[in-house]
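Dear colleague,

Please find the structure below, handed over for your records. A short account of the findings comes after it.

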There are 6 protein chains.
Amino acid sequence: MVDVTAKTPTIREAHAEAIVACSAPIMAALRDDGVPKGDALAVARIAGIAGAKRTPELLPLAHPIGVHFCAVDLELMDAGVRITSRVKTADRTGIEMEALTAVTVAALALVDMVKGVDRGVSLSDARITYKAGGRSGEWRRETAHNA
Amino acid sequence: MVDVTAKTPTIREAHAEAIVACSAPIMAALRDDGVPKGDALAVARIAGIAGAKRTPELLPLAHPIGVHFCAVDLELMDAGVRITSRVKTADRTGIEMEALTAVTVAALALVDMVKGVDRGVSLSDARITYKAGGRSGEWRRETAHNA
Amino acid sequence: MVDVTAKTPTIREAHAEAIVACSAPIMAALRDDGVPKGDALAVARIAGIAGAKRTPELLPLAHPIGVHFCAVDLELMDAGVRITSRVKTADRTGIEMEALTAVTVAALALVDMVKGVDRGVSLSDARITYKAGGRSGEWRRETAHNA
Amino acid sequence: MVDVTAKTPTIREAHAEAIVACSAPIMAALRDDGVPKGDALAVARIAGIAGAKRTPELLPLAHPIGVHFCAVDLELMDAGVRITSRVKTADRTGIEMEALTAVTVAALALVDMVKGVDRGVSLSDARITYKAGGRSGEWRRETAHNA
Amino acid sequence: MVDVTAKTPTIREAHAEAIVACSAPIMAALRDDGVPKGDALAVARIAGIAGAKRTPELLPLAHPIGVHFCAVDLELMDAGVRITSRVKTADRTGIEMEALTAVTVAALALVDMVKGVDRGVSLSDARITYKAGGRSGEWRRETAHNA
Amino acid sequence: MVDVTAKTPTIREAHAEAIVACSAPIMAALRDDGVPKGDALAVARIAGIAGAKRTPELLPLAHPIGVHFCAVDLELMDAGVRITSRVKTADRTGIEMEALTAVTVAALALVDMVKGVDRGVSLSDARITYKAGGRSGEWRRETAHNA
């Protein structure tokens, strides 16, 4: 674990995105609120936010960090669901892994909700897209997924 | 949550895979055991096994299930790391989500270990590849990732 | 902790209910989907199901138990929200505490969502209402809350 | 989740109370230290303190917060047990939910300890009674439960 | 993780013990119920039982297992506290690590309670003392600690 | 729980050590990387770091604290393994229990890995060896274990 005792608490932010590729029957069920297990998008969103808070439990060398803001959004696309997160902290170290964990756990929860409709669903991409704050400053991924 | 009280405990198995796409500097660091944060592959493997056991905490509607076997393997490829899991249970319901959670959490832990080398690392694919046991029997994904 | 090794796994069920007493402004916000923090009922429902699975972590002497079914429902009443749970297991011991924990944690989550509207919100009642299965058989509370 | 990155860490305090309504046989067992499962009051007190620390795990949209002080007290009354909590933090946001979670989880643990004596035990009230610190300043519930 | 899907659920039992070596001032405080932080023995006992249930979270390759009985006892000796556990399961694999985790976590909690009196306190021994059930049958440590 | 709201966040450090006494067959397996369950030293090291972060969950009256640095090392000796930890925080209270929990959980994980080789393995000593920072300043145990 990196020693962050000497780092200054400052406001830091990170964004991430994930894509869950879904078949037509799953997309139809999501659009019609017809997933047998219940409200799949709400479950995924809440699981993602809770997942962000669990990051230091999931990642052995991650620091515990104050998640001072977290939003997870899900957007229905033609052949899948795009999940995005925005996470902020006023703590000593970056919050990129919390942003990535949020979209990834939301994606897992979405898969869990819809895999009864079609087992072929997959998490096709998950990545950090933006960070700001801290010593290394601002960074933005050049090729955003749905550009 | 689906009612599984009437299902019979039987031996069930699931496999999953995930790909972490890595740049050349990350692949070099992994090959030379030169990741500054430490033994990235061991950390990822252990995080994946621990992650499989946390599935019902991460996924709101997932049943608690006895993880009676779990193996996570990491294989260095040309431009990334392929993570595979094999999970078994003798419990009342399928263990696909545990297999998928194992590879996904292993992938997150790997990203956490190497993102200091190159922030552009991403989880490029994660999916169930095989299941056996239970009422729906055996299933195998037709197009395996590295076929 | 009571020794349950000699008990037979059988199907057991328990129900519980809780009432969150809310002021008129909170009820109006819940009816109009106008809670500033978001979809309060969905958050409470999911927190309740997740809470049922956490019962042995919260209650020091509770046995780990397979939660094989859990449903949490929320119903808007005149001056509050009635939360009910139905929980089932095919395990060695009763599941009443899981049912009670589900409604109680759902109630806490609901309070968390709406306390910004009115801090006076309270959890006015929480209790087991029904159980079946196991050695002591069926039991039903005589005076149900909304009788 | 509300963004609290811009809030100043200050000392904040909250109190809560809960009442567990108990039948005469339960009150007698509690008075005579005769609960078959063991020291019910000590178990409830410790579960309540541990519960306060778990608040952000139980409530999906609650911020992780440093619980810098927590006390839980249990008082035997004529027909029940009154549980009170006092919780303090020097963090960025209020600690009311931690106070309410402390008394509620203590109440659940108490029910778990005594329900073998009488299943009719119930959590008859749980609410925040006091808060201080933060932008909204001091607040005190007008009608305390045992006034 | 070892594959235990083919193992038969049978009743298994394990015992463990740990010694916390304490200075005379700590022993005096424990005897007079004069530990400033509160009832140290009750806290340690409850932490030990809760710790047993957390074994698969703490030990990466340990199987989740149904803790169907757990007792933790603390005995004041001349220059320390002897902690013993008895744990049982009707599950697929041995419960020795749960017994050892119970006494070890109880010892940690005891140290936490008394270290304000004297920081020199130490956990001087922790070990499995007995097991029964399963394929390898009964085993008893030859030289018990307080023989 | 002690009230630490008025304490100043400063850099604090603590070290601890534990000894796992092992038989000759276990030492041989560890030296030859021949433990059947896998890489025992890596598993123990990672479990120890993760364990440090879990301290406030394991110890009922411990404060949540920011673990801002943690290192766990394992050293093969003649008849056992010496585990040491160094932990740092920039938080409001001491981090001694996190250091002690790190070595203890690492020791438990090591026992879990090797107990299949020889069940007689034991945790023969675990203690805080050093602390610095905070009001009471620097402290060092006089008789280090391997002096």
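Predicted model: local features only at pLDDT ≥ 70, side-chain atom pairs only at ≥ 80, totals over all residues.

Residues are numbered from 1 along each chain as its sequence is written, chains are lettered from A and ligands numbered from 1 in the order in which they are written, and side-chain values use heavy atoms, with hydrogens and water left out.

**Salt bridges**

Over all chains, the structure holds 66 salt bridges. The term stands for a side-chain nitrogen of Lys or Arg within 4 Å of a carboxyl oxygen of Asp or Glu.

One of them is formed by the side chains of D:Arg54 and C:Glu57, at 2.9 Å from N to O. The pair joins two chains, because D:Arg54 lies in the loop between helix 2 (40-53) and helix 3 (55-58) of chain D and C:Glu57 in helix 3 (residues 55-58) of chain C. Helices here are DSSP runs of H or I with at least four residues, strands are runs of E with at least two, and both are numbered from the N terminus. D:Arg54 is buried, with a relative accessible area of 6%, and C:Glu57 is partly exposed, with 26%. In these terms, buried means under 20% relative accessible area, exposed means over 50%, and partly exposed is in between (1.4 Å probe, protein chains only).

F:Arg54 is buried at 7% relative accessible area, and E:Glu57 is partly exposed at 25%.

Within chain E, E:Lys37 forms a salt bridge with E:Asp112, with 3.4 Å between the closest N and O atoms. The two residues are 75 residues apart and link distant parts of the chain: E:Lys37 sits in the loop between helix 1 (24-31) and helix 2 (40-53), and E:Asp112 in helix 4 (residues 96-114). E:Lys37 counts as partly exposed at 22% relative accessibility, whereas E:Asp112 counts as buried at 4%.

In chain A, a network of salt bridges links A:Glu17, A:Glu75, A:Arg82, A:Asp125 and A:Arg127.

**Buried residues and their contacts**

A:Leu58 belongs to helix 3 (residues 55-58) of chain A and is buried, with a relative accessible area of 3%. Leaving aside neighbours within four places in sequence, A:Leu58 is in contact (heavy atoms within 4.5 Å) with A:Thr101, B:Ala47, B:Arg54, B:Leu58 and B:Val105.

A:Thr129 is part of strand 4 (residues 122-132) of chain A and is buried at 17% relative accessible area. Not counting residues up to four places away in sequence, A:Thr129 touches A:His15, A:Ala16, A:Glu17, A:Trp139, A:Arg140 and A:Arg141.

E:Glu96, in helix 4 of chain E, is buried with a relative accessible area of 7%. Apart from neighbours within four places in sequence, the contacts of E:Glu96 are E:Ala14, E:Ile128, E:Lys131, F:Lys115 and F:Arg119.

A:Asp33 is located in the loop between helix 1 (24-31) and helix 2 (40-53) of chain A and counts as exposed at 62% relative accessibility. The phi angle of A:Asp33 is near 55 degrees, a positive value in a residue other than glycine. F:Asp33 likewise has phi near 55 degrees, lies in the loop between helix 1 (24-31) and helix 2 of chain F, and counts as exposed at 58%.

**Chain separation**

No contact joins chain B and chain D, and their closest C-alpha atoms lie 10 Å apart. Chain C and chain F do not touch either, with nearest C-alpha atoms 10 Å apart.

With kind regards
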